[in-house]
Amino acid sequence: MNAFNPTVEFDAIRDGVARVCAGFPGSYWRDLDSRRAYPTDFVNALIREGWLGAMIPEAYGGSGLSLSAAAVVLEEIHRQGCNAAACHAQMYTMGTLLRHGSEDQKRQYLPGIADGSLRLQAFGVTEPSSGTDTLALKTFARREGDEYVINGQKIWTSRAEHSDLMILLARTTPREEAQTRTDGLSVFLIDLRGKIGNGIDIRPIRTMMNHATTEVFFDNLRIPATALIGDEGKGFRYILSGMNSERILIAAECIGDAKWFIDKASTYAKERVVFGAPIGRNQGVQFPLARAYAHMIAAEAIVYRAAALYDAGHNPGVEANTAKMLAADASWEAAEACVQTHGGFGFAEEYDVERKFREARLYQVAPISTNLILCYIAEQVLGLPKSYGAPA
Ligand SMILES: Cc1cc2nc3c(=O)[nH]c(=O)nc-3n(C[C@H](O)[C@H](O)[C@H](O)COP(=O)(O)OP(=O)(O)OC[C@H]3O[C@@H](n4cnc5c(N)ncnc54)[C@H](O)[C@@H]3O)c2cc1C
């Protein structure tokens with residue numbers, strides 16, 4: 001698909017990623033999907049080729065690539081019909097560690113993450129009772145000497161069973177005692193090894209698509225105080241800057257999905273003959289695909305604009321949120337058009353369309369739902385009164 005591509009300088013990355021993906025066709029993903037199994041071979045292949053260490057600086061064994069380059073990696077994985085959800089956290093958590101982690105933390109963990117001997121795939125923010133209202137989270141880390149003792153529960157902590165490390169957001173000051181509304185939360189880099197059944201319990205949640213997501217329970221988990229990232233109590237702002245990179249990277253995946261759906265549907269529409277002619281001759285079939293394409297390239301432009309701003313050292317909240325919303329909408333529109341173009345075959349597993357359709361639906365909700373992005377734009381850009389939470 002020849003979309004306008006603001007990242008032509010990354011063609012070599014696209015080619016390299018596409019070569020890895022070629023070894024993992026639809027049959028591989030269908031099999032995993034039916035068993036709800038983790039794509040270990042695929043993740044290992046990406047690690048072997050160095051793609052998951054893309055954002056780790058060269059000094060720590062990575063490739064030192066930009067967020068824009070990482071976005072291209074993830075977009076291409078999805079463009080090829082694969083799914084990066086099994087391993088994308090390694091990239092989007094990197095901003096938090098690189099921007100706010102200590103030199104000791106970087107030296108201790110980054111080389112292992114870069115060479116694949118350590119997996120940083122788990123990101124624990126959401127809790128069952130707080131949902132999108134992150135400031136209401138209750139998991140508490142209490143300082144005791146050289147340790148923190150953690151109690152609480154996270155939900156939707158994806159890939160926790162397949163990760164050695166977890167970035168955790170927990171409260172360190174009771175909400176009512178915090179100096180400002182956003183103070184009192186802290187970020188930790190937790191080494192999960194040896195802790196499962198010993199302070200941490202992980203329970204898988206079966207979902208409509210194959211996503212390896214879990215509930216995580218903390219019961220007097222003891223971690224060294226050196227696991228704290230940055231300053232105690234300032235974690236919310238670290239996580240927010242990390243969330244911008246997460247939104248940009250997920251948006252890039254959505255662009256890849258949209259391209260896959262549009263290609264798949266266009267190919268089918270040229271081949272499928274009904275009433276003596278290819279169905280793609282009918283404008284009723286063409287127009288939804290053309291419209292989806294138009295929306296996709298518009299979203300693609302804002303995704304890479306947000307990435308460029310992030311790479312320039314900014315914290316582009318409006319652009320990252322807008323990119324995530326428009327890209328998720330574009331992929332969902334393309335998914336819908338693709339199913340419709342395939343008629344009954346859109347529902348048959350062997351075409352991969354129904355699987356990708358289920359996967360694309362997630363991004364209307366996670367990592368942030370469309371409503372909350374609209375709330376953010378209304379409040380931050382338009383200056384409208386905040387519709388949720390306690391008054392600022
Ligand atoms: C498969 C999967 C994987 C995930 N992986 C992770 C992960 O790895 N780590 C992690 O921390 N989290 C993860 N999440 C959590 C995800 O980020 C949340 O599900 C998402 O942010 C929405 O939160 P919630 O489910 O609690 O919905 P809620 O906050 O309960 O919201 C429910 C609905 O109400 C709407 N709503 C809520 N408040 C408002 C408002 N003020 N105005 C308008 N509408 C509103 C929302 O838009 C949403 O549609 C994952 C979720 C899923 C489903």
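Which helix and which strand each supply at least two residues of the shell around the ligand? They are β1 (120-124) and α12 (370-380). Here helices (H or I, at least four residues) and strands (E, at least two) are DSSP runs, numbered from the N terminus.

## About the model

This is a predicted model, in which local features need pLDDT of at least 70 and side-chain atom pairs count only at pLDDT 80 or more, while totals for chains, interfaces and linings use all residues. Residues are numbered from 1 along each chain as its sequence is written.

## Around the ligand

Let's look at the ligand's surroundings. The ligand is surrounded by 23 residues, where a residue is near a molecule if its C-beta atom, placed from the backbone, lies within 6 Å of it. The closest are G131, T132, W156, S369 and Y388. Helix α12 gives the most to this shell, with three residues.

By class, the shell has 11 nonpolar, 12 polar and no charged residues. Ala, Val, Leu, Ile, Met, Phe, Trp, Tyr, Cys and Pro count as nonpolar, Asp, Glu, Lys and Arg as charged, and the others, Gly among them, as polar. The ligand lies between domain 2 (120-233) and domain 3 (237-380), because both give residues to the shell around it.

## Domains 1 and 3

The domain assignment of the chain also gives domain 1 (8-115); such bounds come from an automatic or database domain assignment. The centres of domain 1 and domain 3, taken over C-alpha atoms, are separated by 20 Å.

Contact joins 26 residues of domain 1 with 25 residues of domain 3, where two residues are in contact if their C-beta atoms, placed from the backbone, lie within 7 Å. On the domain 1 side, α4 gives the most, with 10 residues.

## Two packed helices

Helix α4 (residues 67-79) packs against helix α8 (residues 235-271) at an angle of about 35 degrees, and their axes are 7 Å apart. Axes are lines fitted to C-alpha atoms, for helices over the stretch in contact, and angles run from 0 to 180 degrees between N-to-C directions.

Among the residues making the contact are L67, A70 and L74 of α4 and I248, L249 and W260 of α8. In total, the contact has 10 nonpolar, three polar and six charged residues.

## Paired strands

Strands β3 (residues 147-155) and β7 (residues 213-224) run antiparallel and are joined by eight bridges; two strands pair if DSSP finds at least two bridges between them. Q153 has F217 of β7 as its bridge partner.

Strand β6 (residues 200-205) also pairs with β7 in the antiparallel sense, over six bridges. There, I202 stands opposite V216 in β7.
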